Amino acid sequence: MRYLPLVGAALFRRPTRTILTLLSVLVAYLLFGLLYAVQLAFQSGADTADARRLLTTARYSIIDLLPISYLGPIERVPGVVSVAHAEWFGAKYQNESNAFPVFAVDPLRYLDMYPEFVVPPAARERFAATRTGALAGRRLADRYHWVVGQRLPISSEIHPKVDGSLAWEFDLVGTLDAEDPAVQGNTDLVLINVAYFDEARLLGRGRTGWYIERIAEPAQAKTVSAEIDRLFANSPDETRTQPEKEFAVGFAKQIGDMGALVTRILAAVFFTILLLTGNTMAQSVREGIPELAILKTLGFSDRTVAALVLAEALCLLLFGALLGLAGATALLPGVNRSTGGRFPPLFVSGATWLYGAVIAVALAFAVGLPPALRVARLRIVDALAGHR
Amino acid sequence: MSALVEIRGVTKVYERGGHQLEVLHKVDLDIAAGDFVALMGPSGSGKTTLLNLIGGLDRPTAGAVTVDGQRIDQLRGGALSRWRAAHVGFVFQFYNLLPALTAERNVELPLLLTDLGAGQRRHRAAIALTLVGLADRAQHRPKELSGGQEQRVAIARAIVSDPTLLVCDEPTGDLDRETAAAILGLIQMLNREHGKTVVMVTHDPKAAEYARRRLYLDKGTLTSGTDGAA
């Protein structure tokens, strides 16, 4: 801490240059914070996946349905603790642009399978007891100003009722939420009771979209998956079972490999920062050589002056990173409001701060180490020549 | 007075563009504790090189440099840095203050290498600034000071850690006659009243008159010495 004024003196030898460099680091980290939030949103399904959950879909396409009668045999597979199932409803609310996922589920089985969803006990009981009941994600309910107790008119793109109509109505019996912001992105949905749905639909009765299995140990995932698929091999409805995370990653990649895209953009941004701050540091050290030589003359060791140069780079990058990520943190609530909840919530996570800090330290060493070593090797008499 | 600085058979050779250049040739010199020595001579005579060797900024090619009983020519890297911090105060022609720091912070610099706390460092810096007559300029930055005031701050920085030896390289070379006289008077006061041993390189015979002894170097060899006004 006692050397901090020396670091400050070096940074503010040319305040304009320092401020401009700081701004460029800030903008880079602002981009990093925003883009990484988008990437996190895309992989939130995979990140929040439970290693103890497997997903069973039709072998050749996830849009093919599976018999609900598979429930019993799957439950009896050794290693399976519990089973739930769900089916895609394909919902629109009021107009085409208000689309969101609606799943027809067995209420208690499904909610037990996803303990990360927070549902008040009374709402859970009402959902299980009400055949026309529906649970809506809190963010979704807020967006459309739904209130518990109201009728919920939803049309389906793919499931006509027995009378041929695509217009369905449910009773909103409660909301579901999540404490973890990453899981909140998965709560923009409506759950409906499969008992009513299956009875009231025209097509596909007695079938469901996919099964979710909870297993005792993640290490059993491979053998349990194989056993489930073996059960239905050579049947008209063969299955494909895989860990939930694997399924989520594959599903997200259908949209595009956001991770690779974001990584490439950020690599370009940080490479530019590397060149920019590297140049700034080289200039700063070049101009500061007489001062550094004086410090050495006064008795500062080679190691100390090298550490001062490195600290200058660290301060520049860490402070810029702090401001940039703080800026992203401040901006994202506004971005979330502007999407009206149509996109999973974007936020700067603890991991983003950690990665940001690690990148800043790595960049600081990359740009600070060469001039620091140069200063450490500096001969006082040579450096002072012409400055005495 | 006992010898504080003992130089025996010191030779310094620089290599420049593949050629060897002997700057000092078998120099022998004793400087007593409390002495004030002016090193004079034409440009390229080796004055600054000799001063660098005495101040531990450089090492001789051959010979021995002993200061206060310590063979500093045998010290390396960190040990030599620590020795300089503890024993030598430096004053240069162009002051060499850190422009972004206040006068007080500049004076405090050598104390950062000690175990003193912030309060004690400030206190000592204030005393040093008072001694050079700049107590009221403690919070001013170098660009807000005149050349003479900057050199006073540099002198305060040189004496703040109470070194045995003051090494001054053309301390008045960038100052007008009147300011130079004041600075030289200050250095003389530090020598006479505070017992600092001073070695000063100068071209200026007037400046050299403030020293107790004047030594002349020519082509790397000490040619003669005279007693000064002291």
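Predicted model: local features only at pLDDT ≥ 70, side-chain atom pairs only at ≥ 80, totals over all residues.

User: What comes just after H1(B)?

Analyst: Just after H1(B) sits B:Gly56, with a positive phi of about 75 degrees.

User: How do I read the way two helices pack?

Analyst: Two packed helices are described by the angle between their axes and the distance between the axes. Take helix H2 (residues 15–42) and helix H13 (residues 302–338), both of chain A: they pack at an angle of about 45 degrees, and their axes are 7 Å apart. That angle makes H2(A) oblique to H13(A). The crossing of H2(A) past H13(A) is right-handed. By class, the residues of this contact between H2(A) and H13(A) are 18 nonpolar, 6 polar and no charged.

User: Which residues in H2(A) and H13(A) meet?

Analyst: Among those in H2(A) are A:Val25, A:Tyr29, A:Phe32 and A:Gly33, and H13(A) brings residues including A:Phe319, A:Gly320, A:Gly324 and A:Ala328. As a general idea, an α-helix has 3.6 residues a turn, so residues three or four places apart point the same way.

User: At what angle do H13(A) and H14(A) cross?

Analyst: Helix H14 (residues 350–376) of chain A crosses H13(A) at roughly 150 degrees, and the two axes come within 8 Å. H13(A) and H14(A) are therefore roughly antiparallel to each other. H13(A) passes H14(A) in a right-handed crossing. Their contact has 23 nonpolar, 3 polar and 3 charged residues.

User: What about nonpolar cores?

Analyst: In soluble globular proteins, nonpolar side chains tend to be buried together. Here the largest nonpolar core has 118 residues, and those that touch the most other members are A:Val25, B:Val37, B:Leu39, B:Ala156, B:Val167, B:Val199 and B:Met200. Leaving out residues up to four places away in sequence, B:Val167 touches B:Leu51, B:Ile54, B:Gly55, B:Val88, B:Phe90 and B:Val199. Two of those, B:Leu51 and B:Ile54, are also buried residues of H1(B).

User: How many residues of chain B are in contact with chain A?

Analyst: There are 24 from chain B, in contact with 19 residues of chain A. Helix H2 (residues 77–87) of chain B gives the most to chain B's side, with 6 residues. That side divides into 12 nonpolar, 6 polar and 6 charged residues.

User: And chain B as a whole?

Analyst: Chain B has 7 helices and 10 strands. Of its 230 residues, 51% are buried. Among contacts in chain B with a separation of 6 or more, 68% join residues 24 or more positions apart.

User: Let's finish with one residue. Is A:Thr239 buried or exposed?

Analyst: A:Thr239 counts as buried because it has 21 C-beta neighbours inside 10 Å. You'll find A:Thr239 in strand S13 (residues 239–243) of chain A. Not counting residues up to four places away in sequence, A:Thr239 touches A:Thr56, A:Ala58, A:Arg59, A:Leu66, A:Ile228, A:Asp229 and A:Phe232. From A:Thr239 to A:Tyr211 is 28 residues in sequence and 9.9 Å in space, C-alpha to C-alpha.

How values were computed:
Residues numbered from 1 in each chain as written. Chains lettered and ligands numbered in written order. Axes fitted to C-alpha atoms, helices over the stretch in contact; angles between N-to-C directions. Helix = DSSP H or I, 4+ residues; strand = E, 2+ residues; numbered from the N terminus. Parallel < 35°, antiparallel > 145°, perpendicular 65-115°, else oblique. Left-handed = near helix turned anticlockwise from the far one by under 90°. Contact = placed C-beta atoms within 7 Å. Nonpolar A, V, L, I, M, F, W, Y, C, P; charged D, E, K, R; others polar. Buried ≥ 20, exposed ≤ 12 C-beta atoms within 10 Å, placed from the backbone. Core = buried A, V, L, I, M, F, W, Y, C linked by C-beta atoms within 7 Å.
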